[in-house]
Amino acid sequence: AQQQRNLDNIVSQHPRISGGKKSKKEVCASSDLEVKNTSPMSEQDSGILDVEDEDEDEEVPGAQDLVDFSPVYRCLHIYSVLGARETFENYYRKQRRKQARLVLQPPSNMHETLDGYRKYFNQIVGFFVVEDHILHTTQGLVNRAYIDELWEMALSKTIAALRTHSSYCSDPSLVLDLKNLIVLFADTLQGYGFPVNQLFDMLLEIQDQYSETLLKKWSGVFRNILDSDNYSPIPVANEEVYKKIVGQFPFQDAELEKQLFPKKFPFSEFVPKVYNQIKEFIYACLKFSEDLHLSSTEVDDMIRKSTNLLLTRTLSNCLQNVIKRKNVGLTELVQIIINTTHLEKSCKFLEEFITNITNVLPETVHTTKLYGTTTFKDARHAAEEEIYTNLNQKIDQFLQLADYDWMAMEPGSKASDYLVDLIGFLRSTFAVFTHLPGDVDVHSTMSGKVAQTACMSACKHLSTSLMQLLLEAEVRQLTLGALQQFNLDVEECER
């Protein structure tokens with residue numbers, strides 16, 4: 001079956017080869033018809049019909065080459081001569097049923113290695129290849145109904161075993177290998193005329209689990225990328241580095257291109273890294289859908305749904321965790337806002353990337369949209385909120401140093417120290433926003449808006465807090481001197 005799959009691929013690439021010949025799959029499909037017209041011991045009885053390929057003269061060995069069937073034929077002959085054929089038929093079928101139950105018992109640690117699964121499938125294939133051969137080389141020792149009944153039992157037991165064992169598996173590459181093995185197993189038995197649709201249905205269940213293992217793996221990948229980032233714009237010393245980064249991430253900016261080296265990209269390292277990992281994830285999803293006999297729309301839908309989970313759940317959580325970290329500073333938060341804006345713009349390129357892989361146009365009915373833009377918008381809003389909260393917390397720390405003498409006879413000559421320091425801090429903070437790199441429109445709209453809102457929120461918080469200071473319950477009496485000092489501070493804020 002494996003050779004045949006490779007041949008099929010070659011045939012589909014070079015259609016002329018298949019000119020006058022049936023492919024093995026066609027031959028297998030018609031094997032039931034041909035079998036009825038063959039002599040009991042003919043080469044073709046084993047259901048595997050050897051189709052010579054132009055490059056390969058060696059034939060695949062059939063069951064009769066690998067197993068010595070003579071004891072069965074001898075017994076059958078002796079019992080028939082003695083007039084007790086039915087006794088032997090019953091005995092044979094009973095023994096083989098017992099054998100089938102043994103074969104279908106999966107080893108307890110089957111899920112740990114691919115070899116465990118391979119051994120299990122080989123046993124089952126072996127059992128049915130032997131029965132198929134007996135069916136075609138003895139008149140009626142077994143019949144189609146008996147084999148179909150055994151296959152039904154085998155199918156339900158195999159599927160139950162695979163469901164249980166595959167659910168223990170947390171390594172996506174093992175799940176992928178298992179899928180390839182199941183496809184081979186199904187193709188092999190289909191070649192003998194056994195119905196295998198249920199196996200392909202079960203593969204779609206395993207696919208959901210494969211997606212989950214991928215999401216877990218990529219959660220770690222994203223965490224590492226975000227943890228190791230320095231949250232400062234990527235410096236570029238020469239054309240080579242510039243081209244390399246533009247090759248990894250779809251970014252065009254005429255202004256930046258005109259600038260002389262050294263220059264800086266507006267985003268930090270995590271932007272091209274995250275973008276590439278999303279593409280890697282899409283490739284990993286695609287690998288599972290190969291050979292599942294799915295239409296390209298189904299494959300497209302599957303990839304888009306998994307990618308949406310990656311963006312809206314996995315990546316979104318990782319970004320939120322970085323934003324909510326204890327020690328995250330304003331410069332980092334501002335950089336995250338810039339980064340997520342660039343990643344949001346790149347979503348349309350990810351859409352195109354999936355379209356190129358699956359050849360399903362996004363206009364097609366039912367095409368799932370990628371929700372990447374919302375993921376990055378949400379992250380950006382969270383980062384903005386965090387900036388406002390951070391600033392207000394800092395203002396509170398300065399206000400704790402406010403030490404007004406409400407009974408002072410004379411005001412001081414200048415604004416209070418704590419307030420001068422606070423205003424100095426705010427001034428340097430807003431300088432961070434104005435020194436943002438990036439193209440003019442992003443620079444002015446994004447950092448400008450955030451800076452304005454942050455400034456508004458800081459002023460509002462400061463004025464409310466100053467009012468609170470005056471109205472505190474402990475303040476029972478005020479002198480004019482104290483009020484004049486307070487007024488100096490408010491005027492300093494206005495200034």
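Student: In this predicted model, why does Glu 239 count as partly exposed?

Tutor: Glu 239 has 39% relative accessibility. Buried means under 20% and exposed means over 50%, with partly exposed in between; Glu 239, at 39%, is therefore partly exposed.

Student: Is Lys 243 buried or exposed, and what makes it so?

Tutor: The relative accessibility of Lys 243 is 56%. Exposed means over 50%, so Lys 243 counts as exposed.

Student: How do you know that Lys 243 and Glu 239 meet in a salt bridge?

Tutor: The N to O distance between their side chains is 3.8 Å. A salt bridge requires a side-chain nitrogen of Lys or Arg within 4 Å of a carboxyl oxygen of Asp or Glu, so the pair qualifies. Lys 243 and Glu 239 lie four residues apart in helix α11 (residues 239–248), and are therefore separated by about one helical turn.

Student: Why is α14 called roughly antiparallel to α15?

Tutor: The axes of helix α14 (residues 296–323) and helix α15 (residues 330–358) cross at roughly 170° and come within 11 Å. Angles over 145 degrees count as roughly antiparallel, so α14 is roughly antiparallel to α15.

Student: Which residues of α14 and α15 meet?

Tutor: Among them are Asp 300, Ile 303 and Arg 304 in α14, and Ile 336, Glu 351 and Ile 354 in α15. By class, this contact has eight nonpolar, five polar and three charged residues.

Student: What makes Arg 304 and Glu 351 a salt bridge?

Tutor: Their closest N and O atoms are 2.6 Å apart, and the cut-off is 4 Å, so the pair forms a salt bridge. The pair links distant parts of the chain, with Arg 304 in helix α14 and Glu 351 in helix α15, 47 residues apart. Both Arg 304 and Glu 351 are buried.

Student: How do you know that Lys 324 and Glu 386 meet in a salt bridge?

Tutor: The N to O distance is 3.5 Å, and the limit is 4 Å, so the pair meets the criterion. Lys 324 is in the loop between α14 and α15, while Glu 386 is in helix α16 (residues 372–399), 62 residues apart. Glu 386 has a relative accessible area of 15%, and buried means under 20%, so Glu 386 is buried.

Student: Which residues do salt bridges that share partners join into one network?

Tutor: Asp 300, Arg 304 and Glu 351 are joined in this way. The structure holds 18 salt bridges.

Student: How many disulfides does the structure hold?

Tutor: The structure holds zero disulfides. Cys 347 has a relative accessible area of 5%, under the 20% limit, and is therefore buried. Cys 75, at 32%, lies between 20% and 50% and is therefore partly exposed.

Key: Residues numbered from 1 in each chain as written. Predicted model: local features only at pLDDT ≥ 70, side-chain atom pairs only at ≥ 80, totals over all residues. Heavy atoms only, no water. Axes fitted to C-alpha atoms, helices over the stretch in contact; angles between N-to-C directions. Helix = DSSP H or I, 4+ residues; strand = E, 2+ residues; numbered from the N terminus. Parallel < 35°, antiparallel > 145°, perpendicular 65-115°, else oblique. Contact = heavy atoms within 4.5 Å. Nonpolar A, V, L, I, M, F, W, Y, C, P; charged D, E, K, R; others polar. Disulfide = S-S within 2.5 Å. Buried < 20%, exposed > 50% of the residue type's maximum accessible area, 1.4 Å probe, protein only.
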